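Subject: Handing over the structure

Hi there,

Here is the structure I promised to pass on to you.

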Amino acid sequence: MPTLTHYLVLSALLFALGLFAVVTRRNSVAILMGIELMLNAANVNLAAFNRFAAPGELQGQIFALIVITLAACEAAVGLALVLAAYRSLETIYVDEINVMKW
Amino acid sequence: MTGEALAFYVLAALTLASGLVVVTSPNIVHSAVALVPSFLGVTGLYVLLNAEFLAGIQILIYAGAITVLILFVIMLTEGGTGMRARQRNEQGPIGAAVAAAMAVLLITVATHTAWPRGAGTLPAYTTAAIGRSFLGANILVFEGTSIVLLVSLIGAIIIARKEE
Amino acid sequence: MISHVAWLIPLAPLAAFILVILWGERLPGRGAVVSIAGIVLAGAAALKVLAEVIGGARADVTYTWAVVGSRPLVVGFVVDPLSAIMLAMVGVVATLITVYSVGYMTGDPRFPRFFAYLSLFQFSMLFLILADNFLFIYMGWELVGLCSYLLIGFWFERPAAARAALKAFITTRVGDFSMMIGILLLFLGVGSLRFDEIFRAIDLGGFGGPALTLAAVLVFGGAVGKSAQVPLHVWLPDAMEGPTPVSALIHAATMVAAGVYLVARVYPLFLFSPGHTALTVVAYIGGITALFAATMGVVENDIKRVLAYSTVSQLGYMMMGLGVLGYTAGMFHLITHAFFKALLFLGAGSVIHIVATNNMKQMGGLAKAMPVTFWTFLAATLALTGIPPFAGFFSKDAILLAAYAHDKALWLLGAAGAFLTAFYMGRLCWYTFAGEYRGGDPGAAGHGAAGSGHGAGLHESPAVMTIPLAILAVFAVFLGWAGADILGNPFERFIHFERVAPPPGNTGLLVGSILIAVAGWLAAGAVYVWRIVPSEELRRRFHGLYTLVVHKYYVDDFYGWLFLGIGGLVIRLAGAFDRYVVDGLVNLAGWLARQLGLGLRYAQTGREETYLLLVFLGVLIIVLVRVAW
């Protein structure tokens, strides 16, 4: 019987994967993908808590829904930014975007 | 082992494995495509957690809209053609260490805490309950989120359009 | 009966000052008329007050100025014999000198300002005299000091005058500082600044002992400065750079007398200090000054400087008089001295106005050319040297009498001083008035100190200058009889201190004083007139002593070395401190900031991946810290 702990461990691992992507990858789209993974891990966490720790109400799921919505917004805007950056800087690799480097 | 446990482990494996591909693949398109099974795995987990509506939305939004969006952007930028480019920057070891530390921390906290067992049960049809909730107690959140959507929609269009 | 509103008297010259300083040029007589009007008004009122006080009137007007905490600050004005006689003296002498100044300062471009300053001084001095508390007397003290500075440095284009003004101010400041400490001590001990309350406290034994002596001596310090006693005498000879009326008014008759007046006013302070310690200090400083200054007067060639040393010496006599319990004698000498010293200075001014030099060696033969000046000057000289029946004899002899009864050593100092006084005054008269004119072409000479330009040879000064001389001469001749024992000594009855008995008469001493004065005159005659022992011979024989005295005993040089030396050291230390410690600290702060910046800039890589890493690293650390705690 998977208990709350199982789900929490899963979401922790998923979160760590997303974190690794964000910190390590050169492609800005890949970084955004990592962010999506992290958000998913958080959602799993929320739903799990709703089911196991507070099943009398639906706050966890509703919270997760809102997170999904906002993730969509954020992905949209973020990718728009990547496009705009690509147009002016000719690159999407973050380590090549170093105009502000001293 | 019970069906639920089996289902959990399978879905967990699916999610994590594709997540690994997303994170480590040198081919950006492979990474993007590997997002889909990852999201599908999460959908399954939601179903296990009695969150059907959430599962449906997950497929619609994540596996559907967001993945497509990512693929489009990869297409519009050079990502697709830069297959031979180096994908990992020089922070690899440190990043891995930080991620591992974070995971260890979270797991330690999760396993060592006695989570309280809540009272009550989830409703049979969460969809109706969520709908009632959004138009009842959580209407403010609902409306607010709609506005955020509108704003980000407009914002994305403005940011991404071509200069005349 | 105007004694009760006597405090209005100083306001007349104050009003004159305000009018003249603002609109001087446009007023009648270029301001002189207004100034004279002010002092004449004050002088007339003062004489009326004197008449009333002689008739027994007294007044003490007080006013609660403020309430400080639980203590009310009560200030006021007192009219008693002491202040009445001083008011009258200042009123009369100042009037005569102000009139005289019209002639002396003719043609000076800053004519109105001179009279404005004179009026301001008159206000300050009258205010000082009427004060019944230490606060007011200190205020008046400082004001007269300021006026002295302004008037000494009146011709400020001359660097010597500017330096002298500053020297006067700073030297008296040292005395003032001592006085302020003394006043504070009294206030702390008694709780009030009013004279009568302080005296009552001393009477009742509330304040006494060594603390009283200390306070008295410190207050006397102010008098030492203002009355140019040793060791703060150095400013008075240099103050002669100012116009001669200034020297007459301030540095002969009135301001320098303020120190003596102060000692007389707060006499109980000195009288009740245990063992009369404070009185002894006063007496010895006075006595030493009397002799010390007289020796320096013997070798001076500048007519005004001789008179300045004479003033210092005579002030020493007054202090000595007060110190040997000769309260009446000291005050009497103050009054008589004011008149004949003012006369001497005005006479010298008359001479200088005509011959345009201060150097006695370049004068001579002026007795015939300037008769009024000569005869009045002679009268004053005879008064100063103590030849009866002139004024100075009575007053100076009273002091010597008190000294003899109290402390023979002091009498000796006084007697020696009297001999030298007669000597140098005889010398002065001889050089200035007798013989033939040594100053070159008489026709070329004669544009006064104020540049009036006669060009008509040696002649008498204008009437506006000689009439005051004559009036003063009357006082110099006859005022002495007010203190004569033969006439019952009315002055003694008017001004005396209840607990001090006058010394017993001593005819032998009287005769002795006369003989000493005459001996001084004869000695001068022997050296200068009949040339029995010519002055060059004396100078050669006593060469070491002569050099010492001519250089004023090197006191000025010593002060210069001391204060410039200490001052220089302090300056160097302060400069080094400022440059290395203060600036060093500031520079250190700047250097630190720079180093910090240089080090911290490595955190701003401008690269996104660094920032992302740091975000998550930060979260990790925060959570770890929270969990670990």
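Let me begin with a term: helices (H or I, at least four residues) and strands (E, at least two) are DSSP runs, numbered from the N terminus. Residues are numbered from 1 along each chain as its sequence is written, while chains are lettered from A and ligands numbered from 1 in the order in which they are written. Please keep in mind that this is a predicted model, where local features need pLDDT of at least 70, side-chain atom pairs count only at pLDDT 80 or more, and totals for chains, interfaces and linings use all residues.

Chain C in outline

Chain C has 26 helices and two strands. Of its 629 residues, 52% are buried; a residue is buried if 20 or more other C-beta atoms lie within 10 Å of its own, exposed if 12 or fewer, and partly exposed in between, with C-beta atoms placed from the backbone. Two residues are in contact if their C-beta atoms, again placed from the backbone, lie within 7 Å. Among the contacts in chain C with a separation of 6 or more, 79% join residues 24 or more positions apart.

C:Ser35 and its surroundings

C:Ser35 sits in helix 2 (residues 32-54) of chain C. It counts as buried because it has 31 C-beta neighbours inside 10 Å. Setting aside neighbours within four places in sequence, C:Ser35 is in contact with C:Ala16, C:Val20, C:Thr98, C:Phe115, C:Leu118 and C:Ser119. As for C:Ser119, it is 84 residues away from C:Ser35 along the chain, yet their C-alpha atoms are separated by 6.0 Å.

The strands

Strand 1 (residues 59-68) and strand 2 (residues 71-79) of chain C pair in the antiparallel sense over nine bridges; strands pair if DSSP finds at least two bridges between them. C:Tyr63, for instance, has C:Val75 in strand 2 of chain C as its bridge partner. The hairpin of strand 1 and strand 2 of chain C has two residues between the strands, and there C:Gly69 takes a positive phi near 65°.

Two helices to look at

Helix 11 (residues 255-265) of chain C is largely enclosed by the rest of the structure, because eleven of its eleven residues are buried. They include C:Gly259, C:Tyr261 and C:Arg265.

Helix 19 (residues 408-433) of chain C is mostly covered too, with 21 of its 26 residues buried. At 1.5 Å a residue, those 26 residues should span 38 Å, and the end C-alpha atoms are 37 Å apart, so the two values agree; the expected span is 1.5 Å times one less than the number of residues. After helix 19 of chain C comes C:Gly435, with a positive phi near 70°.

Backbone details

Most residues other than glycine have a negative phi, and most peptide bonds are trans. Here are some spots to check against that:

- The peptide bond from C:Val230 to C:Pro231 is cis, with omega near 0°. C:Pro231 is in the loop between helix 8 (209-226) and helix 9 (235-238) of chain C.
- C:Leu325 is not a glycine, but its phi is positive, about 65°. It lies in the loop between helix 14 (303-323) and helix 15 (327-355) of chain C, and it counts as buried because it has 25 C-beta neighbours inside 10 Å.
- B:Asn50, also a residue other than glycine, has a positive phi near 60°. It is found in the loop between helix 2 (28-48) and helix 3 (52-76) of chain B, and its 18 C-beta neighbours inside 10 Å are why it counts as partly exposed.

The cores

A nonpolar core is a set of buried Ala, Val, Leu, Ile, Met, Phe, Trp, Tyr and Cys residues joined through C-beta atoms within 7 Å. The largest has 213 residues, of which C:Val263, C:Ala342 and C:Ala476 touch the most other members. Its largest share, 19 residues, comes from helix 15 of chain C. Apart from this core lies another of 77 residues, among them A:Val22, A:Val23, B:Val42 and C:Leu613.

Where the chains meet

Chain A puts 62 residues in contact with 76 residues of chain B. On the chain A side, the largest share, 20 residues, comes from helix 3 of chain A. The contact between chain C and chain B takes eight residues from chain C and nine residues from chain B.

Enjoy exploring it!

Best wishes
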